[in-house]
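Thanks, everyone, for making time this morning. I would like to walk you through a few elements of one model, so please have the sequence and the structure open while I talk.

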Amino acid sequence: MSSATWRTVFTYNKYAQIAARALRQSLKENERVVAEKRGVTILRYQQWENGQGGQQVFLNPPEEKGKSKPAV
Amino acid sequence: MLARRTLGRIAAQPQVLGAAPSGARNMATLREIELRLKSVRNIEKITKSMKMIASTKLAKAQRAMQAGKQYGIANSEVFEHSPAEHSGKRKLFLVISSDKGLCGGIHSSVSKATRRAIADKDVPVEADSPIMVVGDKAKAQLSRALGKNLVLTFNQIGRDIPTFADAAGVADLIMKSGVQYDGITIVYNQFVSAISYESATMEVATEASLKESSGFKAYEMEEDVTKDLAEFSLANAIYATLTESHACEQSARRNAMDNASKNATDMISKLQMQYNRGRQAAITNELVDIITGASAL
(Lines give C-alpha, C1' and ligand atoms only; values in the text may rest on other atoms or scores of the structure.)
Protein backbone atom coordinates (compact mmCIF):
# COMPACT_ATOMS: atom_id res chain seq x y z
CA MET A 1 0.00 0.00 0.00
CA SER A 2 1.39 3.37 -0.94
CA SER A 3 -0.01 5.35 1.97
CA ALA A 4 1.83 4.05 4.97
CA THR A 5 0.86 5.80 8.19
CA TRP A 6 4.17 5.31 9.96
CA ARG A 7 5.57 8.34 8.15
CA THR A 8 3.49 10.64 10.30
CA VAL A 9 4.89 9.15 13.50
CA PHE A 10 8.59 8.69 12.88
CA THR A 11 11.32 9.08 10.26
CA TYR A 12 12.62 6.48 7.82
CA ASN A 13 15.73 6.04 9.95
CA LYS A 14 13.64 5.03 12.95
CA TYR A 15 11.67 2.68 10.71
CA ALA A 16 14.92 1.06 9.54
CA GLN A 17 16.22 0.79 13.12
CA ILE A 18 13.04 -0.96 14.26
CA ALA A 19 13.24 -3.42 11.36
CA ALA A 20 16.93 -4.02 12.13
CA ARG A 21 16.14 -4.67 15.79
CA ALA A 22 13.47 -7.20 14.83
CA LEU A 23 15.93 -8.94 12.51
CA ARG A 24 18.67 -9.04 15.16
CA GLN A 25 16.35 -10.53 17.73
CA SER A 26 15.38 -13.27 15.34
CA LEU A 27 18.94 -14.52 14.83
CA LYS A 28 20.43 -17.62 16.44
CA GLU A 29 22.10 -17.06 19.81
CA ASN A 30 25.74 -16.67 18.69
CA GLU A 31 25.01 -14.45 15.73
CA ARG A 32 22.52 -12.46 17.77
CA VAL A 33 25.12 -11.56 20.40
CA VAL A 34 27.50 -10.35 17.70
CA ALA A 35 24.77 -8.40 15.92
CA GLU A 36 23.44 -6.76 19.08
CA LYS A 37 26.75 -4.93 19.47
CA ARG A 38 26.12 -3.23 16.13
CA GLY A 39 22.83 -1.83 17.33
CA VAL A 40 24.03 -0.26 20.56
CA THR A 41 23.87 3.49 21.00
CA ILE A 42 24.32 5.46 24.23
CA LEU A 43 23.84 8.82 22.58
CA ARG A 44 23.20 11.87 24.75
CA TYR A 45 22.25 15.31 23.49
CA GLN A 46 21.52 18.78 24.82
CA GLN A 47 19.77 21.81 23.32
CA TRP A 48 21.61 25.12 23.28
CA GLU A 49 19.93 28.47 23.69
CA ASN A 50 21.88 31.67 23.15
CA GLY A 51 25.25 30.25 24.12
CA GLN A 52 23.89 28.35 27.13
CA GLY A 53 23.58 24.59 27.20
CA GLY A 54 20.40 22.96 28.38
CA GLN A 55 19.82 19.67 30.17
CA GLN A 56 21.59 16.55 28.87
CA VAL A 57 19.05 14.00 27.67
CA PHE A 58 19.61 10.34 26.83
CA LEU A 59 18.23 9.23 23.50
CA ASN A 60 17.60 5.74 24.90
CA PRO A 61 17.41 6.12 28.67
CA PRO A 62 19.36 3.31 30.34
CA GLU A 63 17.70 1.34 33.16
CA GLU A 64 18.51 3.25 36.34
CA LYS A 65 19.75 1.02 39.13
CA GLY A 66 20.19 3.62 41.86
CA LYS A 67 23.22 5.45 40.45
CA SER A 68 22.28 8.22 38.04
CA LYS A 69 24.63 10.07 35.73
CA PRO A 70 24.86 13.80 36.56
CA ALA A 71 24.35 16.20 33.69
CA VAL A 72 27.54 17.98 32.64
CA MET B 1 90.76 8.63 67.96
CA LEU B 2 90.35 8.44 64.21
CA ALA B 3 88.15 5.37 64.63
CA ARG B 4 86.00 7.15 67.23
CA ARG B 5 85.54 10.14 64.92
CA THR B 6 84.60 8.15 61.86
CA LEU B 7 82.35 5.92 63.98
CA GLY B 8 80.68 8.99 65.38
CA ARG B 9 80.23 10.31 61.90
CA ILE B 10 78.69 7.15 60.57
CA ALA B 11 76.40 6.93 63.57
CA ALA B 12 75.26 10.47 62.92
CA GLN B 13 74.05 9.57 59.44
CA PRO B 14 72.45 6.12 59.43
CA GLN B 15 70.52 7.13 56.30
CA VAL B 16 71.17 6.61 52.60
CA LEU B 17 74.31 8.02 51.04
CA GLY B 18 73.88 11.62 50.13
CA ALA B 19 72.15 12.56 53.39
CA ALA B 20 75.26 14.19 54.88
CA PRO B 21 74.50 17.61 56.42
CA SER B 22 77.63 19.03 54.80
CA GLY B 23 76.25 18.08 51.36
CA ALA B 24 72.76 19.33 52.24
CA ARG B 25 72.34 21.09 48.92
CA ASN B 26 73.37 18.01 46.98
CA MET B 27 71.06 15.80 49.05
CA ALA B 28 67.98 17.93 48.31
CA THR B 29 68.80 17.83 44.61
CA LEU B 30 69.39 14.08 44.73
CA ARG B 31 66.03 13.45 46.42
CA GLU B 32 64.33 15.72 43.91
CA ILE B 33 65.91 13.97 40.97
CA GLU B 34 64.91 10.61 42.38
CA LEU B 35 61.28 11.69 42.76
CA ARG B 36 61.20 13.17 39.30
CA LEU B 37 62.74 10.02 37.87
CA LYS B 38 60.07 7.88 39.53
CA SER B 39 57.22 10.03 38.25
CA VAL B 40 58.59 10.23 34.70
CA ARG B 41 59.01 6.45 34.68
CA ASN B 42 55.36 6.04 35.66
CA ILE B 43 54.28 8.47 32.96
CA GLU B 44 56.31 6.59 30.40
CA LYS B 45 54.59 3.33 31.38
CA ILE B 46 51.17 4.94 31.05
CA THR B 47 51.81 6.57 27.69
CA LYS B 48 53.34 3.37 26.33
CA SER B 49 50.29 1.35 27.32
CA MET B 50 47.97 4.00 25.87
CA LYS B 51 49.90 3.76 22.64
CA MET B 52 49.47 -0.03 22.55
CA ILE B 53 45.75 0.27 23.18
CA ALA B 54 45.39 2.94 20.50
CA SER B 55 47.27 0.79 17.96
CA THR B 56 44.96 -2.17 18.46
CA LYS B 57 41.91 0.07 18.34
CA LEU B 58 43.26 1.69 15.17
CA ALA B 59 43.31 -1.61 13.29
CA LYS B 60 39.65 -2.23 14.13
CA ALA B 61 38.68 1.38 13.45
CA GLN B 62 40.34 1.34 10.05
CA ARG B 63 38.36 -1.73 8.99
CA ALA B 64 35.14 -0.06 10.09
CA MET B 65 36.16 3.08 8.23
CA GLN B 66 36.70 1.21 4.97
CA ALA B 67 33.22 -0.26 5.26
CA GLY B 68 31.65 3.05 6.26
CA LYS B 69 33.30 4.96 3.45
CA GLN B 70 31.41 2.91 0.90
CA TYR B 71 28.15 4.23 2.37
CA GLY B 72 29.44 7.77 1.98
CA ILE B 73 30.54 7.24 -1.61
CA ALA B 74 27.25 5.67 -2.61
CA ASN B 75 25.52 8.58 -0.93
CA SER B 76 27.48 11.23 -2.77
CA GLU B 77 26.69 9.67 -6.12
CA VAL B 78 23.05 10.58 -5.78
CA PHE B 79 23.94 14.19 -5.04
CA GLU B 80 26.42 14.39 -7.90
CA HIS B 81 23.74 13.45 -10.39
CA SER B 82 21.17 15.80 -8.92
CA PRO B 83 22.92 19.10 -8.18
CA ALA B 84 20.95 21.84 -6.46
CA GLU B 85 19.47 24.49 -8.72
CA HIS B 86 20.53 27.40 -6.55
CA SER B 87 22.91 26.92 -3.64
CA GLY B 88 21.26 28.01 -0.45
CA LYS B 89 22.97 30.41 1.90
CA ARG B 90 21.81 28.89 5.14
CA LYS B 91 24.05 25.95 5.93
CA LEU B 92 23.80 23.75 8.96
CA PHE B 93 27.28 22.82 10.16
CA LEU B 94 27.66 19.44 11.79
CA VAL B 95 31.05 19.16 13.50
CA ILE B 96 32.37 15.66 14.24
CA SER B 97 34.82 15.19 17.09
CA SER B 98 34.82 13.15 20.28
CA ASP B 99 34.72 13.33 24.06
CA LYS B 100 38.23 12.17 24.88
CA GLY B 101 41.49 14.08 24.80
CA LEU B 102 45.18 13.15 24.50
CA CYS B 103 44.81 12.72 20.75
CA GLY B 104 46.88 15.52 19.27
CA GLY B 105 45.18 18.22 17.21
CA ILE B 106 42.03 16.35 16.19
CA HIS B 107 39.48 18.56 17.90
CA SER B 108 41.14 21.89 17.19
CA SER B 109 41.60 20.99 13.50
CA VAL B 110 37.86 20.49 13.14
CA SER B 111 36.95 23.59 15.18
CA LYS B 112 39.34 25.74 13.15
CA ALA B 113 37.89 24.44 9.89
CA THR B 114 34.38 25.37 11.06
CA ARG B 115 35.46 28.85 12.09
CA ARG B 116 37.25 29.31 8.77
CA ALA B 117 34.19 28.17 6.85
CA ILE B 118 31.92 30.61 8.68
CA ALA B 119 34.36 33.48 8.23
CA ASP B 120 35.03 32.60 4.59
CA LYS B 121 34.78 35.51 2.15
CA ASP B 122 34.75 33.49 -1.08
CA VAL B 123 31.81 31.27 -0.26
CA PRO B 124 29.77 33.40 2.11
CA VAL B 125 27.54 31.70 4.62
CA GLU B 126 25.20 33.42 7.02
CA ALA B 127 26.94 34.62 10.15
CA ASP B 128 24.30 32.99 12.33
CA SER B 129 24.44 29.62 10.56
CA PRO B 130 23.36 26.95 13.03
CA ILE B 131 26.07 24.64 14.31
CA MET B 132 25.62 21.19 15.81
CA VAL B 133 28.53 19.45 17.47
CA VAL B 134 29.23 15.79 18.12
CA GLY B 135 31.74 15.42 20.95
CA ASP B 136 32.48 17.42 24.08
CA LYS B 137 35.93 18.63 23.14
CA ALA B 138 34.91 20.51 20.01
CA LYS B 139 31.79 21.67 21.83
CA ALA B 140 33.97 23.38 24.46
CA GLN B 141 36.14 25.05 21.81
CA LEU B 142 33.26 26.19 19.64
CA SER B 143 31.10 27.38 22.52
CA ARG B 144 33.83 29.90 23.26
CA ALA B 145 34.30 31.05 19.67
CA LEU B 146 30.81 30.70 18.12
CA GLY B 147 28.62 30.06 21.14
CA LYS B 148 25.62 31.95 19.74
CA ASN B 149 25.42 29.63 16.73
CA LEU B 150 25.25 26.38 18.71
CA VAL B 151 21.90 24.65 18.48
CA LEU B 152 22.35 21.03 19.50
CA THR B 153 25.27 19.00 20.83
CA PHE B 154 25.78 15.27 21.16
CA ASN B 155 28.15 13.21 23.24
CA GLN B 156 28.89 9.61 24.26
CA ILE B 157 29.82 8.81 20.67
CA GLY B 158 33.28 7.46 19.91
CA ARG B 159 33.77 5.37 23.05
CA ASP B 160 33.74 2.36 20.75
CA ILE B 161 33.42 2.10 16.97
CA PRO B 162 30.48 4.31 15.95
CA THR B 163 27.42 2.30 14.94
CA PHE B 164 24.78 3.10 12.35
CA ALA B 165 22.38 3.38 15.28
CA ASP B 166 24.40 6.37 16.50
CA ALA B 167 24.30 7.96 13.05
CA ALA B 168 20.56 7.32 12.69
CA GLY B 169 19.94 8.81 16.14
CA VAL B 170 21.89 11.96 15.27
CA ALA B 171 20.11 12.30 11.91
CA ASP B 172 16.69 11.94 13.53
CA LEU B 173 17.47 14.53 16.18
CA ILE B 174 18.65 16.95 13.50
CA MET B 175 15.41 16.45 11.58
CA LYS B 176 13.29 16.81 14.68
CA SER B 177 15.04 19.94 15.91
CA GLY B 178 13.15 22.07 13.43
CA VAL B 179 16.18 24.13 12.45
CA GLN B 180 15.89 25.92 9.10
CA TYR B 181 18.62 25.16 6.59
CA ASP B 182 19.19 24.85 2.85
CA GLY B 183 21.95 22.28 3.09
CA ILE B 184 24.12 20.48 5.61
CA THR B 185 27.91 20.66 5.75
CA ILE B 186 29.57 17.94 7.80
CA VAL B 187 33.03 18.97 9.07
CA TYR B 188 35.18 15.99 9.97
CA ASN B 189 38.74 14.65 9.86
CA GLN B 190 39.73 12.76 6.76
CA PHE B 191 42.09 9.82 7.09
CA VAL B 192 45.07 10.48 4.84
CA SER B 193 47.43 7.89 6.31
CA ALA B 194 48.24 6.23 9.62
CA ILE B 195 50.35 9.23 10.60
CA SER B 196 48.39 12.11 9.09
CA TYR B 197 44.85 13.41 8.78
CA GLU B 198 43.26 16.61 7.59
CA SER B 199 39.96 18.36 8.10
CA ALA B 200 37.41 18.03 5.29
CA THR B 201 33.77 18.80 4.59
CA MET B 202 30.95 16.73 3.14
CA GLU B 203 27.82 18.29 1.68
CA VAL B 204 24.40 16.72 2.18
CA ALA B 205 21.35 18.00 0.33
CA THR B 206 17.93 18.39 1.86
CA GLU B 207 14.66 17.00 0.58
CA ALA B 208 13.69 20.41 -0.82
CA SER B 209 16.85 20.88 -2.86
CA LEU B 210 16.61 17.31 -4.17
CA LYS B 211 13.06 17.89 -5.35
CA GLU B 212 14.08 21.04 -7.19
CA SER B 213 17.08 19.61 -8.99
CA SER B 214 16.72 18.90 -12.69
CA GLY B 215 18.00 15.36 -12.33
CA PHE B 216 15.17 14.44 -9.98
CA LYS B 217 12.46 16.20 -11.94
CA ALA B 218 13.13 13.92 -14.88
CA TYR B 219 11.63 11.07 -12.85
CA GLU B 220 8.18 10.53 -11.45
CA MET B 221 8.76 10.22 -7.73
CA GLU B 222 6.24 9.10 -5.18
CA GLU B 223 5.68 11.85 -2.67
CA ASP B 224 7.17 10.38 0.45
CA VAL B 225 10.13 8.57 -1.04
CA THR B 226 12.22 11.73 -1.51
CA LYS B 227 11.81 12.56 2.16
CA ASP B 228 12.92 9.04 3.08
CA LEU B 229 15.90 9.35 0.77
CA ALA B 230 16.95 12.67 2.30
CA GLU B 231 16.71 11.28 5.83
CA PHE B 232 18.52 8.06 5.00
CA SER B 233 21.28 9.78 3.06
CA LEU B 234 21.87 12.14 5.98
CA ALA B 235 22.29 9.13 8.28
CA ASN B 236 24.62 7.53 5.73
CA ALA B 237 26.80 10.60 5.46
CA ILE B 238 26.95 10.93 9.25
CA TYR B 239 27.93 7.28 9.59
CA ALA B 240 30.71 7.59 7.01
CA THR B 241 32.14 10.70 8.65
CA LEU B 242 31.80 9.27 12.18
CA THR B 243 33.81 6.15 11.34
CA GLU B 244 36.47 8.10 9.46
CA SER B 245 36.87 10.62 12.29
CA HIS B 246 37.07 7.78 14.78
CA ALA B 247 39.91 6.17 12.83
CA CYS B 248 41.73 9.52 12.60
CA GLU B 249 41.36 9.99 16.34
CA GLN B 250 42.86 6.59 17.14
CA SER B 251 45.81 7.17 14.82
CA ALA B 252 46.40 10.65 16.25
CA ARG B 253 46.25 9.29 19.79
CA ARG B 254 48.72 6.58 18.91
CA ASN B 255 51.14 9.09 17.41
CA ALA B 256 50.75 11.49 20.32
CA MET B 257 51.38 8.76 22.89
CA ASP B 258 54.30 7.47 20.83
CA ASN B 259 55.91 10.92 20.90
CA ALA B 260 55.15 11.28 24.59
CA SER B 261 56.81 7.91 25.34
CA LYS B 262 59.87 8.88 23.31
CA ASN B 263 60.16 12.18 25.13
CA ALA B 264 59.70 10.44 28.46
CA THR B 265 62.45 7.94 27.59
CA ASP B 266 64.80 10.81 26.70
CA MET B 267 63.96 12.57 29.94
CA ILE B 268 64.58 9.38 31.91
CA SER B 269 68.05 8.87 30.46
CA LYS B 270 68.99 12.52 31.06
CA LEU B 271 67.70 12.44 34.61
CA GLN B 272 69.44 9.13 35.23
CA MET B 273 72.76 10.64 34.11
CA GLN B 274 72.21 13.61 36.39
CA TYR B 275 71.31 11.36 39.28
CA ASN B 276 74.37 9.17 38.85
CA ARG B 277 76.68 12.16 38.59
CA GLY B 278 75.12 13.67 41.68
CA ARG B 279 75.39 10.38 43.56
CA GLN B 280 79.03 9.92 42.59
CA ALA B 281 79.81 13.52 43.51
CA ALA B 282 78.27 12.98 46.93
CA ILE B 283 80.31 9.83 47.45
CA THR B 284 83.50 11.62 46.35
CA ASN B 285 82.80 14.46 48.78
CA GLU B 286 82.28 11.99 51.61
CA LEU B 287 85.57 10.29 50.80
CA VAL B 288 87.39 13.63 50.58
CA ASP B 289 86.01 14.66 53.97
CA ILE B 290 87.02 11.40 55.56
CA ILE B 291 90.49 11.48 54.07
CA THR B 292 91.14 15.12 54.96
CA GLY B 293 89.80 14.38 58.39
CA ALA B 294 92.17 11.46 58.64
CA SER B 295 95.13 13.41 57.33
CA ALA B 296 94.44 16.26 59.75
CA LEU B 297 95.37 14.02 62.63
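This is a predicted model: local features need pLDDT of at least 70, side-chain atom pairs count only at pLDDT 80 or more; totals for chains, interfaces and linings use all residues.

Which strands does strand 4 of chain B pair with? On the one hand there is strand 1 of chain B, residues 91-96, which runs parallel to strand 4 and is joined to it by 5 bridges; within that pairing, Val95(B) stands opposite Val187(B) of strand 4. On the other hand there is strand 5 of chain B, residues 196-205, which runs antiparallel to strand 4 and is joined to it by 10 bridges, with Asn189(B) standing opposite Ser199(B) of strand 5. Strands 4 and 5 of chain B form a hairpin, and 2 residues lie between them.

Next, please find Asn255(B), which lies in helix 8 of chain B, a helix covering residues 223-295. Is Asn255(B) buried or exposed? Its relative accessibility is 17%, and the cut-off for buried is under 20%, so Asn255(B) counts as buried. Leaving aside residues up to four places away in sequence, Asn255(B) touches Ala194(B) and Ile195(B). The side chain of Asn255(B) is also joined to that of Arg254(B) by a polar contact of 3.4 Å.

Finally, I would like to turn to helix 4 of chain B, residues 136-145, whose buried residues are Ala138(B), Lys139(B) and Leu142(B). Looking down the axis of helix 4 of chain B, we find these buried residues within an arc of 105 degrees, and therefore they line one face of the helix. What do they pack against? From chain A, the partners are strand 1 (44-49) and strand 2 (52-58), while from chain B they are strand 1, helix 3 (106-119), strand 2 (131-134) and strand 3 (150-155).

The contact is made by His107(B), Ser108(B), Ser111(B), Thr114(B) and Arg115(B) from helix 3, together with Lys137(B), Ala138(B), Gln141(B), Leu142(B) and Ala145(B) from helix 4.

Methods. Residues are numbered from 1 along each chain as its sequence is written. Chains are lettered from A and ligands numbered from 1 in the order in which they are written. Side-chain values use heavy atoms; hydrogens and water are left out. Two strands pair if DSSP finds at least two bridges between them. Helices (H or I, at least four residues) and strands (E, at least two) are DSSP runs, numbered from the N terminus. Buried means under 20% relative accessible area, exposed over 50%, partly exposed in between (1.4 Å probe, protein chains only). A polar contact is a pair of N or O atoms within 3.5 Å; within protein, one must be able to donate a hydrogen and the other to accept it, and residues adjacent in sequence count only if both atoms are side-chain atoms. Contact means heavy atoms within 4.5 Å. The arc is that of the directions from the helix axis to the C-beta atoms.
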